[in-house]
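Please read it alongside the sequence and the model.

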Amino acid sequence: MRPTNPSVLVVAALGAAAFGWLLLSTLYWRMPPLPWPPIIVLAALAVAEFLLAQNTRARIQHRRGAPPVDALAVARYAVLAKASSLAGALSAGFSAGLLSWLALDPTHAAQQDIPAAIGGVVSALALVGAALRLERACRVPRSDQKDEDDSDKSPGRR
């Protein structure tokens, strides 16, 4: 599995921003106020993945007091991180598209939806950051160059 490519996240965010803009520009008068629960869920996921990244990194680096690492769990964490970074990028782009449209709309209802749109952008970007941190924490550490050189000098190896 390869690390997440930042360009994929940027393209996903831009596409979602365009979709959010188009959605609001055509249907805003029919929509209820922007909800807060999805924003809270994204923020909670960001916090959970950040803490999971800290724990996983400590376990992979064999820090004192950290339990041994389960390789299958780390693989699952890496998949979670990749999925979360893409979901966060889509959510951030969508919220940014909403925010940009709301900022240009002079109505009172649009002005009341701006804090929720800002919260959506911030929580989604926090999820992207936490997911990328978790993905990085799941990497297998490289062994020291000295250890590799010593193993090559052992008898019977060339």
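How many aromatic pairs does a search of the whole structure find? The search finds 2 aromatic pairs, where the rings of Phe, Tyr and Trp (its six-membered ring) pair if their centres lie within 6.5 Å, and planes under 30 degrees apart count as stacked, over 60 as edge-to-face and the rest as tilted.

## Basis of the model

This is a predicted model, in which local features need pLDDT of at least 70 and side-chain atom pairs count only at pLDDT 80 or more, while totals for chains, interfaces and linings use all residues. Residues are numbered from 1 along each chain as its sequence is written, and side-chain values use heavy atoms, with hydrogens and water left out.

## Aromatic pairs

Phenylalanine 19 and phenylalanine 94 form a tilted pair, at 6.0 Å centre to centre and with 35 degrees between the planes. The pair links distant parts of the chain, since phenylalanine 19 lies in helix α1 (residues 6-27) and phenylalanine 94 in helix α3, 75 residues apart; helices here are DSSP runs (H or I, at least four residues), numbered from the N terminus. Phenylalanine 94 has 25% relative accessibility and therefore counts as partly exposed, a class that lies between buried (under 20% relative accessible area) and exposed (over 50%), with a 1.4 Å probe and protein chains only.

The rings of tyrosine 28 and tryptophan 101 have their centres 5.1 Å apart and their planes at 55 degrees, so this pair is tilted. Tyrosine 28 sits in the loop between α1 and α2 and tryptophan 101 in helix α3, 73 residues apart, so that distant parts of the chain are linked. Both tyrosine 28 and tryptophan 101 are buried.

## Serine 85

Serine 85 is found in helix α3 and, at 0% relative accessibility, counts as buried. Leaving aside residues up to four places away in sequence, serine 85 touches Thr4, Leu9, Val128, Ala131 and Leu132, contact meaning heavy atoms within 4.5 Å.

## Packing of α2

Helix α2 (residues 37-60) and helix α3 (residues 71-104) pack at an angle of about 150 degrees, with their axes 11 Å apart; axes are lines fitted to C-alpha atoms over the stretch in contact, and angles run from 0 to 180 degrees between N-to-C directions. The two helices, α2 and α3, are therefore roughly antiparallel to each other, a label for angles over 145 degrees, whereas those under 35 count as roughly parallel.

α2 and helix α4 (residues 108-137) pack at an angle of about 15 degrees, with their axes 8 Å apart, which makes α2 roughly parallel to α4.

Key
Parallel < 35°, antiparallel > 145°, perpendicular 65-115°, else oblique.
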